[in-house]
Amino acid sequence: IQGIWAVGEVVHLWHRGVMENHLCGCGAPFSGCSFWTEVGKAAFGGWDEIDPGALRELQRSVDRNRFIPLMLARGWAPTYRRRLVHYGEHLARLYRAIADVSGANVIVDSSKHASYAYLLREVGGIDLRVIHLVRDPRGVAYSWTKEIRKPEVTDRVEFMPRYHPGRMAFRYLAYNGAFHVLRGLGVPTHLVRYEAFVARPQEHLLAILRFAGLEATVRHVDGTTIELRPTHSVAGNPMRFRQGRLDLRIDDAWRTEMDRRLAMIVGMLTWPLRCAYGYRQPGRMGGAARSSSIDDPQGQEPR
């Protein structure tokens, strides 16, 4: 969409992009991508003019979920605040360069870390708006048990991390809860349910555009089919390398393939948010059973 530029998960740029030279979403190594080369020049005079290892360590010293209280307590921990401001200055230069090189008014950063959203709230020159995408927690937990190779790593075999469903249940509560607090702090937030988006992508994309302050069309969407073009995503889900026509369909394999006991445990642990998001049905195993609230976060019958 004209005026919008997707850059993937920028939270991983220093490590996976500059240091590890993983593949960009366009298919070229980060160091060989013309877009990121120009961004590096515009932001820092070139990527070889910065110390990515030092920046990554600086990032790790300020950008963790456990540091969120320090981000909010402006008068406390002056040493932490100085590091935060210093790192924020680098991010401000980076995002300004992305906007200048791309010519876009809206930058889509698909980083999922809650603390990173709080961090961007502290960076000057950024009009932060959050798309809060949620999914049935049992589907999330099951997804993180899969063994998936990272296609962006070409010099060795490397897989995406895997987590026990119980651990993911607690992360589901912590991460989503943090985003609700962020909304309470005044950051504009738009909640989108994965299942509803897949069922009606054009409707939800138009709503997201309005939320971003844009009036545009989504000509690349026809029903539940979407036309994907290459992007310069620095990191993210392996699907970012998909191009061409893609038929969207709900992935609910967890209903038939996830261990019943683990599904029940995840369902019980995430009960407060699961119900708040409309996932009130127990998620029967077997067949193609679906929640009656699949399209409506208020739990009404689907349209």
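**Figure 1. T225, a buried residue of a predicted model.** T225 has a relative accessible area of 11%, so this residue counts as buried, the cut-off being under 20%. The model is predicted. T225 is part of strand β6. Leaving aside residues up to four places away in sequence, T225 touches H220, R245, L246 and D247. From T225 to R260 the C-alpha to C-alpha distance is 32 Å, and the two residues are 35 residues apart in sequence.

**Figure 2. The open sheet β5-β6-β7.** Three strands make up this open sheet, and their pairing is antiparallel. The edge strands are β5, residues 221-222, and β7, residues 244-247. Each of these edge strands pairs on one side only. Strand β6 covers residues 225-228 and pairs with β5 in the antiparallel sense over two bridges. D222 has T225 of β6 as its bridge partner. T225, the buried residue of Figure 1, also touches R245, L246 and D247.

**Figure 3. Helix α10 and the elements packed against its buried residues.** Helix α10 runs over residues 201-211. Its buried residues are P201, H204, L205, A207, L209 and F211. These buried residues pack against three strands named here with their residues, β1 (4-8), β3 (130-134) and β4 (189-193). They also pack against helix α9 (194-199) and against β5. Strand β5 is an edge strand of the sheet in Figure 2. G213 follows α10 and has a positive phi, near 85°.

**Figure 4. N21, a loop residue with positive phi.** N21 lies in the loop between α1 (13-19) and α2 (34-44). Its phi is about 55°, a positive value, although N21 is not a glycine. The relative accessibility of N21 is 29%, so this residue counts as partly exposed, a class that lies between the cut-offs of 20% and 50%.

**Figure 5. A77, a residue in the loop between α4 and α5.** Helix α4 spans residues 68-72 and helix α5 spans residues 78-102, with A77 in the loop between them. A77 is a residue other than glycine, and its phi is positive, near 45°. With a relative accessible area of 29%, A77 is partly exposed.

**Figure 6. The whole chain, as context for the close-up views.** The secondary structure comprises 13 helices and seven strands. The chain has a radius of gyration of 20 Å, close to the 19 Å given by the globule rule for 303 residues, so the chain is as compact as a globular protein of that length. The C-alpha trace spans about 55 × 45 × 45 Å along its principal axes. Of the 303 residues, 47% are buried. Among contacts with a separation of 6 or more, 70% are between residues 24 or more positions apart. The accessible surface of the chain is about 15,900 Å², and carbon and sulfur atoms account for 53% of this surface. The chain carries 42 positive and 31 negative side chains. The centres of these two sets lie 5 Å apart.

Conventions. Residues numbered from 1 in each chain as written. Predicted model: local features only at pLDDT ≥ 70, side-chain atom pairs only at ≥ 80, totals over all residues. Heavy atoms only, no water. Pairing = 2+ DSSP bridges. Helix = DSSP H or I, 4+ residues; strand = E, 2+ residues; numbered from the N terminus. Rg over C-alpha atoms; globule rule 2.2 N^0.38 Å. Buried < 20%, exposed > 50% of the residue type's maximum accessible area, 1.4 Å probe, protein only. Contact = heavy atoms within 4.5 Å. Areas by Shrake-Rupley, 256 points an atom, 1.4 Å probe, with all protein chains shown as cover. Lys, Arg positive; Asp, Glu negative; His and termini not counted. Charge placed at Lys NZ, Arg CZ, Asp CG, Glu CD.
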